[in-house]
Amino acid sequence: MPALNEALTPLLLTLKVAAWATLIAFVFALAWAYVLTRYRVWGRETIDAIFTLPMVLPPTVLGYYLLVLVGRRSLIGIWLEDTMGIRLIFTWQGAALAASIVAFPLVYKAARAAMQDVEHQLEKAARLLGANETKVFFRVTLPLAWRGVLAGTMLAFARAMGEFGATLMIAGSIPGKTQTMSIAIYEAVQAGRDDVANFLVVLTSLVCIAILLASGKLLQRRY
Amino acid sequence: MKLDVAIRKKLSAEGRVFDLDIAFQSVEDMVVIFGPSGSGKSVTIQTIAGLRDPDAGRVVLNGRVLFDRQAGIDLPARARNIGYVFQDYALFPHLSVAQNVGFAMLGNLAGGLHQSVEAEVLAFLRSFELHELARSYPRQLSGGQRQRVALARALIRKPALLLLDEPFAALDPLLRKKMRQELLDIRARFAVPMIVITHDPEDLEFFADYLVLLDAGRIKSTRSSTRAERGRLIEQLLSGS
């Protein structure tokens, strides 16, 4: 079955890229959501707007920003290549970075809303029982915000899997290397390979539906 | 208990300014801070507990300086060793009764109570007649049981002082009577000094060895009193004079 073989490589690559992208987005989104809901930060509204920007900007614009910021002639790009040997342009790592930025607002928004809903009084009660800030976060804030955070994370994963524009600009479409599912679909349609395109489209749709169903389940209240 | 409190705090919210400026000393083991809502009772005990920073002042408990603006001392709430029972108890909804009471002994990141600690927590729960509820969650408990869990959680760490924020306000009248007696028993059993804040004159009859009357952020009077004196005082308060 040629379609299956041709679909497997982009599928595995997509899962790898989406997993890394979600992990990066998750860590940063959680940290920022906590800081911005618990501490008085100067310019909070502006930071909030910038963090939401990837949701509304065309992915090509994000891709362009990334090219300028981490491209091979940029300061960050040169530093990454010289000190860590990481090259982001035309690599799957670049695709993961692009997808993580596009997915970031989904985790951030969900985490922020969920953490805002956690009663401050419970955190105070924990401090009065001798808890330091690490314990307050991992024992009270995070468990109570967990379902919201997880639902946002799953949406972010689905979004990262479907990333197209920014990924294409920064990582290109190299089969087996940076060609993710959504890009492979585009290429298959361009090449008139309807069997491959059909298979990839159905597969992508099924995975995304499964993720949406799971995240909907997680949002139902339990306590 | 030897408690020395002097607090100044300006609060402003929605254009209204509230100015708290109080000072009192007590050597009694049962202090009641009494006053109408909005008189500054909650701010006072939150400051003693370390949940709020006053603008100026000092809080000294049994010779240990908890807060001193001039000397730059401000112990965080976690280091003050003060038990606190919130008005609505603030039990952790995602933790069982045993984990709530044993919260101080839980690890920082994850996992349940260690076996060696669990026995201690269960024994403690037994003394509060809560052992059968050890695996229940707060939402499954009645109001009185919730209060008992909150008390057990605060007392298991053997605090130097127990603060209670309107402890009976959330209970129905019948239960209120019972829980007042329970609190007196606990006081006798644990020999823990307490500060109770209330706006219910009936609480005074039960508790105040030392009474702080608060009104609009100022102390109207302080006095040590016997139960008989308190009876007369309550009549005065209830008649509105």
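Predicted model: local features only at pLDDT ≥ 70, side-chain atom pairs only at ≥ 80, totals over all residues.
In chain B, strand β8 (residues 161-165) pairs with β7(B) in the parallel sense, over four bridges. Strands here are DSSP runs of E of at least two residues, helices are runs of H or I of at least four, and both are numbered from the N terminus. Two strands count as paired if DSSP finds at least two bridges between them. Within this pair, Leu161(B) is the bridge partner of Ile82(B).

Residues are numbered from 1 along each chain as its sequence is written, while chains are lettered from A and ligands numbered from 1 in the order in which they are written.

Let me stay with β7(B), residues 82-85. Both of its faces are covered: Ile82(B) and Tyr84(B) are buried on one side, and Gly83(B) and Val85(B) are buried on the other. By buried I mean that 20 or more other C-beta atoms lie within 10 Å of the residue's own; exposed means 12 or fewer, partly exposed lies in between, and C-beta atoms are placed from the backbone.

Chain B also contains an open sheet of five strands, in the order β2-β1-β4-β5-β6, with antiparallel pairing. At its edges stand β2 (16-26) and β6 (73-74), each with a single partner strand, so one side of each has no neighbour in the sheet. Inside the sheet, strand β4 (residues 56-61) and strand β5 (residues 64-68) of chain B run antiparallel and are joined by four bridges. There, Val59(B) stands opposite Phe67(B) of β5(B). Helix α1 (residues 41-49) of chain B lies across β1 (3-13), β2 and β4, and runs at about 120 degrees to β1(B). For such angles, axes are lines fitted to C-alpha atoms, for helices over the stretch in contact, and the angle runs from 0 to 180 degrees between N-to-C directions.

What does Phe34(B) touch, leaving aside residues up to four places away in sequence? Phe34(B) belongs to strand β3 (residues 30-34) of chain B, and it touches Thr198(B), Leu204(B), Leu211(B), Val212(B), Leu213(B) and Leu214(B). Contact here requires C-beta atoms, placed from the backbone, within 7 Å. Phe34(B) and Thr198(B) are 164 residues apart along the chain, yet their C-alpha atoms are separated by 5.3 Å. Phe34(B) is buried because 24 other C-beta atoms lie within 10 Å.

Two backbone details in chain B deserve mention. Lys158(B), which is not a glycine, has a positive phi of about 50 degrees. Lys158(B) sits in the loop between α4 (143-155) and β8 of chain B, and it counts as exposed because it has 9 C-beta neighbours inside 10 Å. Ala191(B), also not a glycine, has a positive phi of about 50 degrees and lies in the loop between α5 and β9 (194-198) of chain B. With 8 other C-beta atoms within 10 Å, Ala191(B) is therefore exposed.

I turn now to chain A, which has 10 helices and zero strands. Its C-alpha atoms fill a box of roughly 65 × 45 × 30 Å along the principal axes. Of its 223 residues, 43% count as buried. Among contacts in chain A with a separation of 6 or more, 75% involve residues 24 or more positions apart.

How do the helices pack? Helix α6 (residues 120-128) and helix α7 (residues 133-161) of chain A meet at an angle of about 140 degrees, with axes 10 Å apart. The two are therefore oblique to each other; angles under 35 degrees count as roughly parallel, over 145 as roughly antiparallel, 65 to 115 as roughly perpendicular and the rest as oblique. Residues making this contact include Leu122(A) and Ala126(A) of α6(A), and Val136(A) and Val140(A) of α7(A).

Helix α3 (residues 59-70) and helix α5 (residues 92-117) of chain A pack at about 130 degrees, with axes 11 Å apart. That angle makes α3(A) oblique to α5(A). The contact is made by Pro59(A), Leu62(A), Gly63(A) and Leu66(A) of α3(A) with Leu97(A), Ala98(A), Ile101(A) and Val102(A) of α5(A). An α-helix has 3.6 residues a turn, so residues three or four places apart point the same way.

Note on methods. Contact = placed C-beta atoms within 7 Å.
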